[in-house]
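Visitor: I have a model open and would like to learn how to read it. Could you walk me through it?

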Amino acid sequence: MFSEGSLVILDSSLSEYDANIEKLISPYRLEKDAHVQDVVGFSAAPMSMARPESTLGNFLADNLLDYGLNIIDSSIDMALFNKGGFRIPLPPGEIRLTHVMELMPFDNTMVVVNLSGVQMDKLATTILKAGGDPI
């Protein structure tokens with residue numbers, strides 16, 4: 001392994017533990033660990049993942065639609081989520097930041113598109129053939 005300043009090159013010479021890597025990631029780990037148990041919400045019931053519809057999918061799509069309507073464009077008609085992007089169901093009770101990080105661990109992007117009636121029909125047909133996704 002080669003290290004220069006904060007640059008760490010990962011290669012086959014990397015041992016199981018390396019002090020340079022630990023030094024590099026330690027501040028990020030401390031910041032993350034300080035907040036992952038923060039409560040960010042509460043659910044009266046578990047939120048499950050399923051197709052074509054589920055409590056978790058409905059919750060996330062409804063929140064995405066609400067965000068879109070209130071922050072981006074008040075003329076948005078629907079929100080669609082890819083169920084494959086959900087990694088875990090949410091438990092009843094306190095929802096912590098760690099749950100959110102496990103639920104959707106990737107950077108996600110909201111995209112707003114204008115679709116014609118024909119395009120909307122094709123989208124609905126594709127979703128139907130795939131077994132559904134949260135809308």
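**Reading the model**

Guide: Let's begin with burial, meaning under 20% relative accessible area, with exposed over 50% and partly exposed in between (1.4 Å probe, protein chains only). Buried residues make up 20% of the 135 residues in the protein chain. This is a predicted model, where local features need pLDDT of at least 70, side-chain atom pairs count only at pLDDT 80 or more, and totals for chains, interfaces and linings use all residues. Residues are numbered from 1 along each chain as its sequence is written, and side-chain values use heavy atoms, leaving out hydrogens and water.

Visitor: What does the pLDDT average in the protein chain, and where is confidence lowest and highest?

Guide: pLDDT is the predictor's confidence in each residue, from 0 to 100. The protein chain averages 84, and 88% of the residues score at least 70. Confidence is lowest in strand β1 (residues 2–4), at a mean of 46, and highest in strand β4 (residues 93–96), at 94.

Visitor: How many helices and strands are there, and in what order do the elements run?

Guide: Helices (H or I, at least four residues) and strands (E, at least two) are DSSP runs, numbered from the N terminus. Here you get four helices and four strands, and from the N terminus on they go β-β-α-β-α-β-α-α. As for contacts, which means heavy atoms within 4.5 Å, take those with a separation of 6 or more: 61% of them join residues 24 or more positions apart.

Visitor: Which residues make the nonpolar surface patch?

Guide: Patches are made of residues with over 30% relative accessible area and no salt bridge; like charges are joined within 9 Å, nonpolar side chains (Val, Leu, Ile, Met, Phe, Trp, Tyr) within 5 Å. Areas come from the Shrake-Rupley method with a 1.4 Å probe; for residues, only the protein chains shown count as cover. In this model Y67, I71, I72, M110 and V112 make a patch of about 450 Å². I72 sits in helix α2 (residues 55–72) and counts as partly exposed because its relative accessibility is 43%.

Visitor: And how many salt bridges are there?

Guide: Side chains of opposite charge can pair when their charged atoms come close. The rule asks for a side-chain nitrogen of Lys or Arg within 4 Å of a carboxyl oxygen of Asp or Glu, and the count comes to two. R29 meets E22 at 2.5 Å, N to O; R29 is partly exposed at 34% relative accessibility, as E22 is at 25%. R96 pairs with E94, with the closest N and O atoms 2.6 Å apart.
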